[in-house]
Amino acid sequence: MASFSESDTLKRVKPSPTLAVTAKARELARAGRKVISLGAGEPDFDTPENICDAAIKAIKRGETRYTDVDGIPELKAAIVAKFKRENGLDYKTTQVSVSPGGKPVIYNAMMASLNAGDEVIVPAPYWVSYPDMVLLAGGTPVFAVAGMETGFKLTPQILEAAITPKTKWLILNSPSNPTGAVYTAEDLKALGEVLKRHPQVWILTDDMYEHLLFDGFKYATIAQVVPELYDRTLTMNGVSKAYSMTGWRIGYCAGPEPLIKAMSKIISQSTSNACSIAQWAAVEALNGTQDFIAPRAEVFQKRRDLVVAMLNNAKGITCPTPEGAFYVYPSIAGCIGKQAPSGKIITNDEDFAGELLQTEEVAVVHGAAFGLSPFFRISYATSESVLTEACSRIQRFCASLK
């Protein structure tokens, strides 16, 4: 019997570390361990009732067949209206693409545009899937490190240094996964001045956490504040985070029509359309009441404040205060070189996360997975009682290091 061998393309990438942490936590839980998993980036709120009702009505109307590969007209119209209403961006429905989740938007854009040798600037720390999707598409990720000293945000100087004649894309993510950092309009204008000097560079802006903002922060996206970049910007978003619809799998984007058409060609030969019922639910999400978004963001802000305060009281940890999303990205520089209760020396953030899981049964994602050490990521998309217990365990673990 012939043995299986991975393709050279697949050998370029690794499995998602965040999914691996979640799987490990579930495995320990099944073995009877009382694990608190803070790995997955998923809101703990239910999908709002009006959205669920819209899906049920769609089923009863018989909206259960194939749709246009890149989205039903009604959803595209709702997306056009959303971009105009919330971002001041004018698009036609022919500039809009819908896919089964946010990941396919990025993957399809990379597949549609990258050739061997093309470079994609990925600010680090980054969402774990960005570089691997670039690699799958045959491109080369170029990491532009934006550390704690810049608030985990790309500066014009860092961006300029990363651009070469081979640069094809810049990926921006605001609010950021994993840090929760958010770019101001002024930040984006400064980056735009650099990008205007390099017309070969396209911009993919991942705005998935747009509505999860704290302390009165006003959101901006780059094509909005630097209109000169409109013709080479792909603005992507989705319903998963703000509307608690992770399992519904609807991502969307708008951008230059030739790119959207190329992405549609890929969709037609890969996933085909997103779930028809989920698309109708997304129509209601975008067109219906938005009243629940602000109160839910307030809940996340309280959780953020709780986690930041408790982690900053943990020995050896420094936790910055993020402006958005539902993650914190604390430094464990003060824990490196210390000995865990098991006798193991903590040499890096992966050691820290592994020992924390085994000793205190708290699952977090180590910073190296996001391209910047020594840090770790916590998702605080869970109840205050669970977060309090988890942070107490982290404090206890840090106190036990010698």
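Which ring does the charged end of Arg61 sit over?

1. Start with Trp280: the charged end of Arg61 sits over the ring of this residue, 4.8 Å from the ring centre. Keep in mind that this is a predicted model, so read every distance and angle below as computed from predicted coordinates.

2. On to the aromatics. Searching the whole structure turns up 18 aromatic pairs. Take Trp127 and Tyr130 as one case: their ring centres are 5.3 Å apart and their planes stand at 80°, so this pair counts as edge-to-face. Both partners are out of the solvent, with Trp127 buried and Tyr130 buried too.

3. Phe352 and Phe376 give you another arrangement to look at. Here the ring centres lie 5.3 Å apart with the planes at 25°, so the pair is stacked. Phe352 belongs to helix α13 (residues 349-360) and Phe376 to strand β12 (residues 376-379), so the contact ties together parts that are 24 residues apart in sequence. Phe352 is buried, as is Phe376.

4. If you like aromatic groups, have a look at Phe45, Tyr209, Phe300, Phe326 and Tyr327, which form one cluster.

5. As background, nonpolar side chains in soluble globular proteins tend to be buried together.

6. Leaving out residues up to four places away in sequence, Ile317 touches Leu311, Asn312, Pro330, Ser331, Ile332, Cys335, Phe352, Phe376, Ile394 and Cys398. That list includes Phe352 and Phe376, the two rings of the stacked pair in point 3.

7. Last, a sheet. Three strands make an open sheet in the order β9-β12-β11, with antiparallel pairing. At the edges are β9 (327-328) and β11 (365-366), each of which pairs on one side only. Two bridges join β9 to β12, and these strands run antiparallel.

Technical notes
Residues numbered from 1 in each chain as written. Predicted model: local features only at pLDDT ≥ 70, side-chain atom pairs only at ≥ 80, totals over all residues. Heavy atoms only, no water. Phe/Tyr/Trp six-rings, centres within 6.5 Å; stacked < 30°, edge-to-face > 60°. Buried < 20%, exposed > 50% of the residue type's maximum accessible area, 1.4 Å probe, protein only. Helix = DSSP H or I, 4+ residues; strand = E, 2+ residues; numbered from the N terminus. Lys NZ or Arg CZ within 6 Å of the ring centre and 35° of its normal. Contact = heavy atoms within 4.5 Å. Pairing = 2+ DSSP bridges.
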